[in-house]
Amino acid sequence: MSIIYTLRNVVKERLNDGVGFRLCVPKIEIRAQENIALIGHSGCGKSTLLDMLALILRPDDSEDFNLHPIDGDNSDVADMWQRNRQGPLSQIRKRHIGYVLQSGGLLPYLTVRENIELPRRLLNLPDDDSIESISKVLGIQRQLDKLPGYLSVGERSRAAFARALSHRPSILIADEPTATLDPITTQKIMAVVMEVIKGLKITLITASHDWHHVYKMDLRTLNQVAEPVDDGKIYQSTFCD
Amino acid sequence: MAQITNIVRLSFRDYSHEWRMSGCFVLALASVLAPMMILFGLKFGVVSTMIADLVENPINREIRPIGSGSYDDAWIERLRAREDVEFIIPKTRALAATIQLKSDTARRILSTELLATAAGDPLLGSGLRAPANYYEVVLSASAAKRLEITAGDRIDGSLARQFRGKRERVHLPLTVISVADPGVTPRNVAFVHLDLLIASEHFKDGRAVPELGWSGNSATAGARSFPSFRLYARSIYDVTRLVEDLEREGVRVKANVAEIDTVQSIDRNLSVIFWIIACVGALGFSFSLGASLWANVDRKRKDLSILRLIGFKSGRIVLFPVLQSCYTAFLGWLLAVLIYLVFEHLINHVLAPTLNIDRKLCFLLTEHFLWALGLTVLIAIYAAILGGLRAARIQPSDGLRDV
């Protein structure tokens, strides 16, 4: 399978007067249709790495940061950030990436259906039965005309997956999507999601602190180590293959 | 294009979804804008009313000769030809210029002052036709009321004199072609053709008026001259110069020069005071509107970041708060206009009559409303762009995580 993400010596720092957090990625390569899990305790930089992979956070330093979606051209993401080319970055996000936020991130003023439709509308995709079918698979077809505020936490999480998948992206990034759910619901939702992404040949990159279900779902985990450096001033977290 | 259409739709959906919050912004805007409009309406209304009163009311443009003189037709014609003279007509001796009027409906005979008039007489205004012959008359409202007649009625006019030791009276059938506005004069006045006024004077002087079949001494030869005249300047701004010119000729006259100066200086002073208040008000209005809209954009940072995460471009994202600010600006303006109109009605129809003012104290022109809308939308867009750019400049990731 072709390599879609290549990261070499990518660094992101959150420092205040030289004290704080540093995320280091010496080397990560992610292949198409691979399912990746970022495992680690809270604050170890999982979300930071996911945001960089989702092209919504600028790395402070990167030797190599390339994204080559299976249905798109290779993009030098490091260069795009360097030259602040927001247009192409948003174009890649729009076309190739689906993102599930920990909080769901549904827009409160749109119905579930409109939320799910939004990425498709942006891409001018035709109105077919894809909204209905993805909603049916995720078990939210009866909630489509409700506002997110009227949904249970589990339903919101399913709706967030449906929105992230509605435009058939080749990459799905999910940041602790089931963190607020009970284990049974988590297992149910993740089982369905795994089935869908297999069927649609999507690459899944997810973060979780729930070690148990990650091993069950047969995901490749990235190695993560965290240690204090610079006399304990900086807490440095490293992710690598 | 798809992005812009979507942003318009989304911004409106969000705005109506948060109708309580949107309503608060609209209220906040209207509560600052409405008093400004009322203040401006009052300033504009009061000054315009005073100016209009001065300009429109012919009494303020009238230049009255003091005492009696001798003005011949040529002199009158010369003045009539002047650009700054709107109307001039001779007057005969006051004693000769009265007529007794009797109607079929009223019992009493009314002794009425005769004033010569002609087309263009500002006292009659543009709506009334001037009498064209001996037999037509325009009555003042007071005279018409006492005679209990209306336009179109026929009345009897009579003149009396002592002639060769005998008391004589002649009658003249008159048609009331119209009744003048009550504001023109409170006195009993019959506006007639100059010929009738001259005929009346001739009759009272014992002279014959063959045209009307009135007997008497035959007319003496020589140029006709009048003791007085009724003169109106074209505008209040011409009064001072006309007065100066007439006095240079030795004609002693009187006009409302002091009053005109007073109103002009009040206009100047009120304008200065108003503009100080308006500038301070507009500044406060800009800051309050700007701050509340800017704060609103800040509140929307997470939603805007989600839109960017989905793939909206930063530039398009700015449109979202700008459009919402435009909705607020328009609705706030609309509400302010409604509030203003209620107050305008109260001031003009409830307050003004208690102050014995029969004119509008507070009013605005359509262009003033449009100016207010334009200014409000401009400030709103400016504030929203500032806030929107800030929201668009931060990385979507920060917007998503910092709440």
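**Strands, edges and helices**

Modeller: In chain B, strand E1 (residues 62–65) and E12(B) run antiparallel and are joined by two bridges. Strands pair if DSSP finds at least two bridges between them; strands (E, at least two residues) and helices (H or I, at least four) are DSSP runs, numbered from the N terminus. This is a predicted model: local features need pLDDT of at least 70, side-chain atom pairs count only at pLDDT 80 or more, and totals for chains, interfaces and linings use all residues. Residues are numbered from 1 along each chain as its sequence is written, while chains are lettered from A and ligands numbered from 1 in the order in which they are written.

Colleague: Which residue stands opposite B:Val253 in E12(B)?

Modeller: B:Pro65 does.

Colleague: Which helix packs on the sheet, touching E1, E11 and E12 of chain B?

Modeller: Contact requires C-beta atoms, placed from the backbone, within 7 Å. Helix H7 (residues 236–248) of chain B touches E1, strand E11 (228–233) and E12. The direction of H7 makes about 20 degrees with that of E1(B); axes are lines fitted to C-alpha atoms, for helices over the stretch in contact, and angles run from 0 to 180 degrees between N-to-C directions.

Colleague: What is the strand order of the open sheet in chain A?

Modeller: The order of its 10 strands is E5-E4-E1-E2-E10-E9-E3-E8-E7-E6, with mixed pairing. Strand E5 (75–76) and strand E6 (97–100) of chain A are the edge strands, each pairing on one side only.

Colleague: How many bridges join E6(A) to strand E7 of chain A?

Modeller: Four bridges join E6(A) to E7 (residues 171–175), and the two run parallel. A:Tyr99 stands opposite A:Ile173 in E7(A).

Key: Contact = placed C-beta atoms within 7 Å.
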